[in-house]
Amino acid sequence: MQKLVSLDDIELNVSAADWQDAVEKSGTILVNNGYVTREYVDAMIQTVKTLGPYIVVAPGLAMPHARSTNGVIKSGISIMTLSRPVTFGNESNDPVYLLIGLAGSNDDLHLKIMQAIATIFEDDRMLERITACDRREMVARIFNDVEVEE
């Protein structure tokens, strides 16, 4: 079993000019922590441009990702709250306050990470709780209450 996040995976109250800047910054956390290459961040942005804002999976929550073949080094996630929300063009779920960047080294592990995150958000108030956090330790505690099988 592994924990979902470390403190280095979390950034709070980040300023982003638009959705592309938000995805870029979310992906940069993954790069800085050795989960992915810069190519993966570019692929995350290109995925939204090509397929649309399907990564906005719930009101206020986006989960940017790309294919593992686009530069995943090892599995991990980034968690980033925004100081001001951004819109992706998803009428049902915009604006976005929270981005969880996903990097799965294979499809199976990618799905397990997504299932663990879905478990967290079964509580309808979780997005509000996370975006209200002012310390990375508080966010880490929420995400690390759920473990992921390797």
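Predicted model: local features only at pLDDT ≥ 70, side-chain atom pairs only at ≥ 80, totals over all residues.

Me: Great, helices to begin with. At what angle do helix 1 and helix 2 pack, and how far apart are their axes?

Reply: Helix 1 covers residues 19-32 and helix 2 covers residues 38-51. The two pack at an angle of about 150°, and their axes are 9 Å apart. That angle makes helix 1 roughly antiparallel to helix 2, because anything over 145 degrees counts as roughly antiparallel.

Me: And is the crossing of helix 1 and helix 2 left-handed or right-handed?

Reply: The crossing of these two helices is right-handed.

Me: Which residues meet there?

Reply: From helix 1 you have Trp-19, Gln-20, Val-23, Glu-24, Gly-27, Thr-28, Leu-30 and Val-31. From helix 2 come Arg-38, Tyr-40, Val-41, Met-44, Ile-45, Val-48 and Lys-49. Sorted by kind, the residues of this contact are nine nonpolar, three polar and three charged.

Me: Nice. Switching to rings: how many aromatic pairs are there?

Reply: The count comes to two aromatic pairs. One is Trp-19 with Phe-88, a tilted pair with 5.7 Å from centre to centre and 35° between the planes.

Me: Trp-19 again! Where do Trp-19 and Phe-88 lie?

Reply: Trp-19 is in helix 1, while Phe-88 is in the loop between strand 5 (76-86) and strand 6 (96-103). They are 69 residues apart in sequence, so the pair ties together those parts of the chain.

Me: Are those two buried or exposed?

Reply: Trp-19 is buried, with a relative accessible area of 17%. Phe-88 has 8% relative accessibility and counts as buried. Both labels follow because buried means under 20%.

Me: What about the pair of Phe-121 and Phe-143, and why is that pair edge-to-face?

Reply: The ring centres of Phe-121 and Phe-143 are 6.4 Å apart and the planes stand at 65°, so the pair is edge-to-face. The cut-off behind that name is an angle over 60 degrees. Phe-121 sits in the loop between helix 3 (107-120) and helix 4 (126-132), and Phe-143 in helix 5 (residues 136-144). This pair links distant parts of the chain, 22 residues apart.

Me: How accessible are Phe-121 and Phe-143?

Reply: Phe-121 has a relative accessible area of 19% and is buried. Phe-143 has 0% relative accessibility and is also buried.

Me: Now the backbone. Where is there a cis peptide bond?

Reply: A cis peptide bond joins Asp-94 and Pro-95, with omega about -5°. Pro-95 is in the loop between strand 5 and strand 6. In general, most peptide bonds are trans.

Me: And what is phi of Asn-13 near?

Reply: Phi of Asn-13 is near 55°, which is a positive value in a residue other than glycine. Most residues other than glycine have a negative phi. Asn-13 is in strand 2 (residues 10-14) and is partly exposed, at 46% relative accessible area.

Me: Last stop, Pro-59. Where does Pro-59 lie?

Reply: Pro-59 lies in the loop between strand 3 (56-58) and strand 4 (61-62), and counts as exposed at 58% relative accessibility. Leaving out neighbours within four places in sequence, Pro-59 is in contact with Ser-92, Asn-93 and Leu-127. Pro-59 and Ser-75 are 16 residues apart in sequence and 25 Å apart in space, C-alpha to C-alpha.

Notes. Residues numbered from 1 in each chain as written. Heavy atoms only, no water. Axes fitted to C-alpha atoms, helices over the stretch in contact; angles between N-to-C directions. Helix = DSSP H or I, 4+ residues; strand = E, 2+ residues; numbered from the N terminus. Parallel < 35°, antiparallel > 145°, perpendicular 65-115°, else oblique. Left-handed = near helix turned anticlockwise from the far one by under 90°. Contact = heavy atoms within 4.5 Å. Nonpolar A, V, L, I, M, F, W, Y, C, P; charged D, E, K, R; others polar. Phe/Tyr/Trp six-rings, centres within 6.5 Å; stacked < 30°, edge-to-face > 60°. Buried < 20%, exposed > 50% of the residue type's maximum accessible area, 1.4 Å probe, protein only.
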